[in-house]
Amino acid sequence: MKNRFTHMRWGRLQLSILVFVGLIAGVQYWFGWRSVLAPWQQLPLEGIAVAVLLVLLTYVVRTLRVVAFFAAELRGRFPAALKLMVMNNLWNTLLPTFGELSFPILMQRYFIISPTRSLPALLWFRLLDLYVIFLLALVSLMLNRGSWWLAASVIALLTLAIPLTYRWSPRSIEYLEHKVSGKLKEKLSEVRKALPTSWGLLLLSSWWTLANWALKLVVFAWVMQQFVAINFGQSLLGAIGGELTTVLPVYSIAGVGTYEAGVVAALVPADIGYQEAIKAAVNLHLFFLSCTLLSGFLGSLLPGNRSSQPNRPAGC
C-alpha cells in the first residue's frame, strides 16, 4: 500500500513537470514570450508597487487569523508567526504536496504545537478559504449576470454553513469517540479539542478569512484588467478561477498549467477570446509567483526561533 502511494506521488510529480515544461513551450510556440510579456512595459510602476504591497499585506491578515486561533502560544510572537505563514505559502505554492505539510512542521518547530492540534486547525482554515472564495464568486456572478435574488439565497445558505459546522462538528466527533476505543479515541479527542473554542474565535477566523481573500482577489482583478479589456466583475471571476485551484488537490508545481486553466475557465464564458484569456492568465500567474517569491525572501529575514513555552490550549 505504501509503495502504491509512493508511485502515485511520483507519477503526479512527473505529470506536473510535463505540464510545467509544456506550458512554457506552448506559450513560446503559439504567442512568443516577448509578446506575452510586452504589456508590462506599459503598466504604471506606482500601481504595480501598490498592488504588490497590498498582496504582501494579505500575509499579515492571514497571520492575524492564525494568531487569533492559537492566541495562548502565539501572543507576543507575531514576527515568528508571520514568517511561518509566509514560508508555508511559499512551499505550498512551489510544492503543493509538501506545502500543506509544512504548516504542522513549522508550527511544531517554532511554537512546539503538535500536529494533532495544527492539522485540524489547517483543515478548518481551508474550509473557511473555500467558503469565502465561493461566496466572492457568487458576488462576481451577480456583477456579471444580475441574478441578485438567486445569489442572495445561496449566500444566505452558505452563511449558515459555518456556524452550523461549528455547532455540530464537536458533537459529531464526540459521538464517534464513544463508538471507538484506544488510540483512535485519543486522536478524535485531540481533534475535537483543536476546533474553534468559542463563537468569538469563530467570528475572528471568518472575518480575517474574508478580509484576506477580498483584498487579494480585488488586487488580482485589477492586475488582470491591465492585460485584457474586461469589466471588474469579469476580472474578479477570472482571479477567483485561478485562486480556487490553489486550495484544491489538483494544484501542480508552482501552479503552472492548473492556475492558468482556472483563470481561462472562468473567463471564457464571459465571451473573452482564448488567446486574450491565456495571455492574461499567464501574466496574472507571473505576478502571483513574483509576490510569492518576494514574500518568501522577506520572510526568511524574520526571526523564527523555537519557542520554549509549554504547549497550552488555544483560546479566543
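This is a predicted model: local features need pLDDT of at least 70, side-chain atom pairs count only at pLDDT 80 or more; totals for chains, interfaces and linings use all residues.
Student: What makes the contact of Arg65 and Asp129 a salt bridge?

Tutor: A salt bridge needs a side-chain nitrogen of Lys or Arg within 4 Å of a carboxyl oxygen of Asp or Glu. Arg65 and Asp129 are 3.0 Å apart, N to O, so the pair meets the cut-off. Arg65 lies in helix H3 (residues 45-69) and Asp129 in helix H7 (residues 115-145), so the bridge ties together parts that are 64 residues apart in sequence. Both Arg65 and Asp129 are buried.

Student: How many salt bridges are there in the structure, and which residues are linked with Arg65 in a network?

Tutor: The structure holds 4 of them. Arg65 is linked with Arg126 and Asp129 in a network of salt bridges.

Student: How do you know that Arg117 and Glu73 form a salt bridge?

Tutor: The side chains of Arg117 and Glu73 meet at 2.8 Å, N to O, and the limit is 4 Å, so this pair qualifies. The two residues come from distant parts of the chain: Arg117 is in helix H7 and Glu73 in helix H4 (residues 71-74), 44 residues apart.

Student: Why are Arg117 and Glu73 called buried?

Tutor: Buried means under 20% relative accessible area. Arg117 has 14% relative accessibility, so the word applies. Glu73 has a relative accessible area of 3%, so Glu73 is buried as well.

Student: What makes Lys216 and Glu243 a salt bridge, and which helices does the pair tie together?

Tutor: Their side chains meet at 2.9 Å, N to O, which is within 4 Å, so the pair is a salt bridge. Lys216 belongs to helix H10 (residues 199-225) and Glu243 to helix H11 (residues 232-244), so parts that are 27 residues apart in sequence are tied together. Lys216 and Glu243 are both buried.

Student: Which residues form a nonpolar patch with Trp168?

Tutor: Leu157, Leu160 and Leu164 do, and the four residues together have about 450 Å² of accessible area. The 46% of Trp168 also passes the patch cut-off, which is over 30% relative accessible area.

Student: How do you know where empty space is left?

Tutor: Rolling a probe the size of a water molecule over the atoms shows it. In this structure, the search finds 2 cavities of 30 Å³ or more. The largest cavity has a volume of about 200 Å³. It has 16 lining residues, and those closest to its centre are Arg62, Asn89, Asn92, Thr246 and Val247. Helices H3, H5 (78-94), H7 and H10 each supply at least two residues of that lining. By class, the lining has 4 nonpolar, 5 polar and 7 charged residues.

Student: What makes Arg65 a lining residue of the second largest cavity?

Tutor: Lining residues have an atom within 4 Å of a cavity point, and Arg65 is one of those that line the second largest cavity, along with others including Arg62, Phe103 and Arg126. That cavity holds about 40 Å³ of space. H3, H5 and H7 each give its lining at least two residues, and the lining divides into 5 nonpolar, 1 polar and 3 charged residues.

Definitions and conventions
Residues are numbered from 1 along each chain as its sequence is written. Side-chain values use heavy atoms; hydrogens and water are left out. Helices (H or I, at least four residues) and strands (E, at least two) are DSSP runs, numbered from the N terminus. Buried means under 20% relative accessible area, exposed over 50%, partly exposed in between (1.4 Å probe, protein chains only). Patches are made of residues with over 30% relative accessible area and no salt bridge: like charges are joined within 9 Å, nonpolar side chains (Val, Leu, Ile, Met, Phe, Trp, Tyr) within 5 Å. Accessible areas come from the Shrake-Rupley method with a 1.4 Å probe; for residues, only the protein chains shown count as cover. On a 1 Å grid over the protein atoms alone, a cavity is a set of points where a 1.4 Å probe fits but cannot get out, and a pocket is an open set with protein on both sides within 12 Å along at least five of seven lines; lining residues have an atom within 4 Å of a point. Grid points are joined across faces, edges and corners, and a volume is the space filled by probe spheres set on the points. Ala, Val, Leu, Ile, Met, Phe, Trp, Tyr, Cys and Pro count as nonpolar, Asp, Glu, Lys and Arg as charged, and the others, Gly among them, as polar.
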